[in-house]
Amino acid sequence: MKPFMDENFLLHTETAQKLYHEHAAKMPIFDYHCHINPKDIADDRMFKSITEIWLAGDHYKWRGMRTNGVDERFCTGDASDWEKFEKWAETVPQTLRNPLYHWTHLELKKFFGINEVLSPKNARQIFDACNEKLNTPAYSCRNIIRMANVHTICTTDDPIDNLQYHQQIKASGFEVAVLPAWRPDKAMMVDDPTVYNAYIFQLAAAAEMDISSFADLITALDKRHQYFHDNGCRLSDHGLDTAFAEDYSSKEIRAIFTKVRAGNHLTSEEILKFKSCMLYEFGVMDHSRGWSQQFHIGALRNNNTRLFNQLGPDTGFDSIGDKPVAEPLSKLLNRLDMEDKLCETILYNLNPADNELYATMIGNFQDGSVPGKMQYGSGWWFLDQKDGMEKQINALSNLGLLSRFVGMLTDSRSFLSYTRHEYFRRTLCNILGNDVENGEIPNDMELLGQMVENISFNNAKNYFNF
């Protein structure tokens, strides 16, 4: 019987252990997609408790706690930090075989040197031990990033953001690159005219111009795109329930924009046409400045109306969607490629039924200009766990080139989530180690070691070329 989470956790063969300890573990982290707040890094924030850094904003944990019968007061409510942590400690033993169990104990071990299994029996002891460390300068926000050996961080930022915290971080001389990533979703969300027009006023203010026509909208967005570029951004991201690639004319788009700006609701067809146009225009902007683009596709968001109205978005009420995606995604990418305006692209699916779909889609638009120009992104959200990562790696291996993969990201709001890179690297090394032990790939440690180092860090560094 193997001990729980020792140095060879998830590494089931000697080859896997060698690949991880000699090659993967030493590589820096290139975290090219996350949701951490750049203000925390700019301020070098100190966290007053493990609850504040661990539970605040973590909808993964909130979902687990609610499922365990924990009242909302202990998730997002006004309970004390200790009370919330206590409820989480009561929940952890019930999360066996959920990735939360692994993540929890990896983070306790990596950042706090705690090898105990969290439970109600030792909750107070662990709470106090973590808080004691968090209240020392060694556990400031920047030092936690250093502790994790992070090389680059890309945050997620709206076109209206002024990027002042990124500027402060750069001016401070912090050795880790903290760069913005362009997330223009709100500029195409014309479903609700009131919400959309409020956003357009904010965009107009940020771009310092009036937006009275569709041409003005594109000009304003392009000005902000250039502003992001000037502040080091080279990467965009789009959160979509599916791809959009309806046929449309310029006249139709102008009329649709005029209609929504007048406060009128659009038809379903008009919404689809407008979103299709905007995705194309965003792709053109990214290509014009040599950026890469990401598409996170397949979430069914805000399912619980009652609790969404009470708590807002990103609080744990999203799930996997199943909208058809193959034809519109192909049409969108082909539309850009036909005009030679398809930039480096990463596609992430949330529905595991689409794994092979995405893994084959990227092959349609590889053109030899860049190694791995089209990427099948890592297991995302509900799929960034062991089984999800294994299936993503296997689909990519079977239908593309795993060796050119740009690897893992945190996609997190927590500074303790860098262990997800370790989780991924251990899983990758275990897959390769099993293949060697089974005689399915050669026992060439030079070849395999370089491949592991590339997927862990080098490929991303070379791909984005920040």
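The centres of domain 1 and domain 2, taken over C-alpha atoms, are separated by 29 Å. This is a predicted model, in which local features need pLDDT of at least 70 and side-chain atom pairs count only at pLDDT 80 or more, while totals for chains, interfaces and linings use all residues. Residues are numbered from 1 along each chain as its sequence is written, and side-chain values use heavy atoms, with hydrogens and water left out.

Biologist: Which residues make up domain 2?
Modeller: The bounds come from an automatic or database domain assignment. Domain 1 is given as 14-43 + 149-464. Domain 2 is given as 46-139.

Biologist: What area do domain 1 and domain 2 bury between them?
Modeller: Buried area is the accessible area (1.4 Å probe) that two parts lose on being put together, summed over both. Carbon and sulfur atoms carry 63% of it here. The total is about 1900 Å².

Biologist: Which three residues supply 32% of the area that domain 1 buries against domain 2?
Modeller: No other three residues of domain 1 supply more. They are Leu416, Thr419 and Tyr423.

Biologist: Which element gives the most to the side of domain 1 that touches domain 2?
Modeller: Helices here are DSSP runs (H or I, at least four residues) and strands are E runs of at least two, numbered from the N terminus. The elements giving two or more residues to that side are α14 (305-311) and α18 (419-437). The one that gives the most, with four residues, is α18.

Biologist: How many residue pairs are in polar contact between domain 1 and domain 2?
Modeller: A polar contact is a pair of N or O atoms within 3.5 Å; within protein, one must be able to donate a hydrogen and the other to accept it, and residues adjacent in sequence count only if both atoms are side-chain atoms. With both residues at pLDDT 80 or more, the count is six.

Biologist: Which residue in β5 stands opposite histidine 238?
Modeller: β4 and β5 (residues 292-297) run parallel and are joined by six bridges. The residue opposite histidine 238 is phenylalanine 295.

Biologist: In β3, what is the bridge partner of cysteine 154?
Modeller: β2 (residues 150-154) and β3 pair in the parallel sense over three bridges. The partner of cysteine 154 is leucine 179.

How values were computed: Two strands pair if DSSP finds at least two bridges between them.
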